[in-house]
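Subject: Structure for your files

Hello,

Here is the structure I said I would send. My notes follow it.

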Amino acid sequence: MVMADSRRLNDEELEKLLAEAARHPPPLPEGLLERVLADAGALADAAAGGRPAPAPAPAARPRRLAACAGWLTALGGWPALAGLSAAALVGLWLGYAPPQAVERLAGARPGNEGGFDPGEFMLSFEGVFEGILEEGREEG
Amino acid sequence: MPMPLDSLADQPDDALLAAYGRGERVAARILAERFLPRLYGHAMRMLNDRAEAEDVAQEAMLRLWKIAPAWRQGEAKVSTWLYRVVANLCTDRLRRRRGVGLDSIAEPADDAASAEDGLVRAQRVAALQEALMRLPARQRQAVVLRHVEGLSNPEIAAVMEVSVEAVESLNARGKRALAKALAGRREELGYGDG
């Protein structure tokens, strides 16, 4: 019994043996690191694919302005837009103007004394608003 | 824009994991290089089977990648979490084995086995591994985590999910059993007749 115990490693010897094992870990199998990194890459790809679309880049807003600019250019630029606005206003006026004002405008020709006068045009607008107000009173 | 390797290399484990969770793939490489050899080494000492140890180490790292986006920094140590995963995976495999015959124990590899010193060392490491495999799994785990992996007793307690006192007890019993298992092999270990 005493013989058997004397053959056991003491604490110091055992610690030394374990420390040696710690200094010499088993070598990493070939390809293991690559497989682990491939797993990490595949999961990162999946996560990136499942995420909501990334926040718009700062260029998004200028891109939208650029689209408007293209539409404007197709129409003929800012002067064309001014003309279009004027035509829209005249269309609006024709819709609301009292019949006599439209008749005056229809008979207006360059050099015709009984034709259209810019001052009368402005007065006609006043007639438009009065007409709208009257319609409102009648409905009320 | 991905962070450069140099700026990540000194980061703590949980910061690297958070970086990987944000899509920084280089952080995964640093974490793998930091932990994979330790996890494989620990699995190898627990299972003494290269293929199984490889599977366990890869699976543990895969679980780490999966949990990365949900990892809460400062709540747990990455190393403790990883060792716990390895411990659980090893336990599952050991249960399936229901005892390993000594004949099936693989000879541990050693990269310097050609030199005489290397041969002696390889013999010692092989003898130690054989003796470790004779210990109950919990004692083996406590001894390896403390004396080979260098974890503190509180860390081992967290890995094994037991009290620090239980770790001390497992460790003490494990070392006594190890000394007994190595009895009669002093010559082989290079310790003479003692």
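Helix α2 of chain B, residues 13-21, is mostly covered, with eight of its nine residues buried. The buried residues of α2(B) are Asp14(B), Ala15(B), Leu16(B), Leu17(B), Ala18(B), Ala19(B), Tyr20(B) and Gly21(B). After α2(B) comes Gly23(B), which has a positive phi, near 105 degrees. Please keep in mind that this is a predicted model.

Next, the interface between the two chains. On the chain A side 32 residues are in contact, and they meet 39 residues of chain B. Between chain A and chain B about 3,600 Å² is buried, and carbon and sulfur atoms give 65% of that area.

Polar and charged pairs also occur across this interface. There are 11 residue pairs in polar contact between chain A and chain B, counting pairs with both residues at pLDDT 80 or more. The count of salt bridges between chain A and chain B is four. A salt bridge joins the side chains of Glu15(A) and Lys175(B), at 2.6 Å from N to O.

As for which parts of chain A touch chain B, α2 (11-23) and α3 (32-50) of chain A each supply at least two residues to that side. The most comes from α3(A), which gives 11 residues. Sorted by class, the side of chain A that touches chain B has 18 nonpolar, 11 charged and three polar residues.

Regards

Methods: Residues numbered from 1 in each chain as written. Chains lettered and ligands numbered in written order. Predicted model: local features only at pLDDT ≥ 70, side-chain atom pairs only at ≥ 80, totals over all residues. Heavy atoms only, no water. Contact = heavy atoms within 4.5 Å. Buried area = accessible area lost by both parts, 1.4 Å probe. Polar contact = N/O pair within 3.5 Å; in protein donor to acceptor, adjacent residues only side chain to side chain. Helix = DSSP H or I, 4+ residues; strand = E, 2+ residues; numbered from the N terminus. Nonpolar A, V, L, I, M, F, W, Y, C, P; charged D, E, K, R; others polar. Buried < 20%, exposed > 50% of the residue type's maximum accessible area, 1.4 Å probe, protein only.
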